[in-house]
Amino acid sequence: MMRSLYSGVAGLKTHQTRMDVIGNNIANVNTVGFKGSSVNFADQFYQTTSPATGPDAATAAAGSNAKQIGLGSQVASITTNITEQGGTSSTNRALDLAINGDSFLIVKSGGATYFTKAGALNVDTNGTLYSTVNNATVQGWMADAEGNVQRDVVRDLTVMSADNLYFPPTATTNVTLKGNINKNDKDLQVTLSDDGVAIDSGLVATISFYDKLGQLYTAKLLIVKPDEQPDAGADDTQLTSYRVYLGDVMDEDGNSIFVREVTGDDGSVTYAATGATVTLGGAEYTVGEDAINAETGKFTTITGGGDGAALLNFNMRTGDFFSTTNNGEIPETSQYATTGIMLSINPGDGDGAIDNTFDQYDPESGTGGIMIDVSSLTQYSTNSNLTYTKGDKLEARGAGNIAGEMKGISIDEDGYVYGTYNNGSKKCLAQIAVATFNNPSGLEAVGNSLFAQTLNSGTFDGVGEAVSISGSFTVGALEMSNVDLASEFTTMITTQRGFQANSRIITTTDSMLEELVNLKR
């Protein structure tokens, strides 16, 4: 009779354990990334009072089953329900991530590697990405200076390091000139003399560009219609052509790069030539000392161009752009061979030279200088209207920019971390790595929404993988607890009844023992 007492005690212990797990689940119903657990029971310790016997042909006796008495239940397993996705809660916070899939964020705390579903991230004072739930640093791969992610052993993501706080300036390499040229426009006149080109004549088009230091410059182009028109183009296309001359190149303060200030011993200021030259369409332009007013620094003509100036050719019948004609400066293999005009600046020599901050054009490599794409121009019978955009047609590549200061970071659905800068630039800084396991339920919960690998979960290789392999991130949201309250309360009821039933075993057995003791009375 004593066996039933111990069976009841074993049942009370197992149901108490189950209630402990249920209580923990319900307590964490609003914990970010929490995974609920469940308890499974198993019977234990059978006492065999009579073994099983087989039939006996000699005596014609039948076989009998074993007689066994169980000694209660035990906790067979406590299983964490990791694979079930918790609900997604929108936070609209740029650094909050919910993981769609079975992967885990890789984090480090106290020098040890852990895994978590808690994607509430922030940046600490060192510029390192970390989880605000457990203060563990997020692991992943850093990008190089060009923004290319180097996928090797994971490391702390110091995304706001000193190297990333500023975006270096870039020189402009491509400018697109757009709009229409009316062939009857009265401004399509130019004054040519032995002194050069009058800078106040012709149809004016301006383009702006940056040098290597991020300084802004503006080039003034003069478009004129020469008296002599070219012969027919390819396929006997009748052409209307215009020459493109250089009028000036000015810095962002409106000062010409061809003119410099000279301060005398008495503090007086006069103006002289810098000696800088500009090549446009293969023709070289400069401003000599005799063309500059020494008192005002103004000049009215610029030397160069002539019949060697670049040509814009249009289909006479349709008004569509046809081609450009340069002095062989742009190689025939270039995509701009018949659609572009190259502008390149030589800073000059000596004391008067301007800053050497311009990339010089190299025809062999096709690099340096500013390529002016004119293929978008038209010659329709409407008002002349010329505008420009920095960069070519493919996402403004080569537009150049000033230096920028970081104003924030963002994360996309693939885990790429981008820095945004106040000059409008955006740069990839890093990528968040994730880990997956053959048996995620085998991970060991260590608190603070952290899990550690075990012998039964599978091992982390130290490199991880991109989240796109097994899922994605939802940005501006968090994965909540996967605890189902309805299920937990139902299980709580059955656990309570089970506990009551096992307690009745003990009280009933006690009553039976009391009756046994009372037999001697």
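**View 1. An open sheet built from five strands.** Here five strands line up in the order β17-β18-β19-β25-β26, and their pairing is antiparallel. Strands are DSSP runs (E, at least two residues) numbered from the N terminus, and two of them pair if DSSP finds at least two bridges between them. At the edges sit β17 (203-210) and β26 (321-325), each pairing on one side only. On average, neighbouring strands of this sheet are turned by 30° against each other, direction ignored; the axes behind that angle are lines fitted to C-alpha atoms, and angles run from 0 to 180 degrees between N-to-C directions. Zooming in on one pair, β25 (residues 310-315) is joined to β26 by four bridges, and Leu312 has Thr324 as its bridge partner in β26.

This is a predicted model, so local features need pLDDT of at least 70 and side-chain atom pairs count only at pLDDT 80 or more, while totals for chains, interfaces and linings use all residues. Residues are numbered from 1 along each chain as its sequence is written, and side-chain values use heavy atoms, leaving out hydrogens and water.

**View 2. The hairpin of β20 and β21.** Strand β20 (residues 259-263) pairs with β21 (residues 269-273) in the antiparallel sense over five bridges. Val262 has its bridge partner, Thr270, in β21. Five residues lie between the strands of this hairpin, where Gly267 takes a positive phi near 90°.

View 3. Phe451 belongs to strand β35 (residues 450-452). Is Phe451 buried or exposed? With a relative accessible area of 5%, Phe451 is buried (buried means under 20%, exposed over 50%, partly exposed in between, with a 1.4 Å probe and protein chains only). The C-alpha atoms of Phe451 and Ile106 are separated by 9.8 Å, although the two residues are 345 apart along the chain.

View 4. Most residues other than glycine have a negative phi. Asn448, however, has a positive phi of about 60°, and phi of Ser449 is near 60°, also positive. Asn448 counts as exposed at 56% relative accessibility, whereas Ser449 is buried at 16%.
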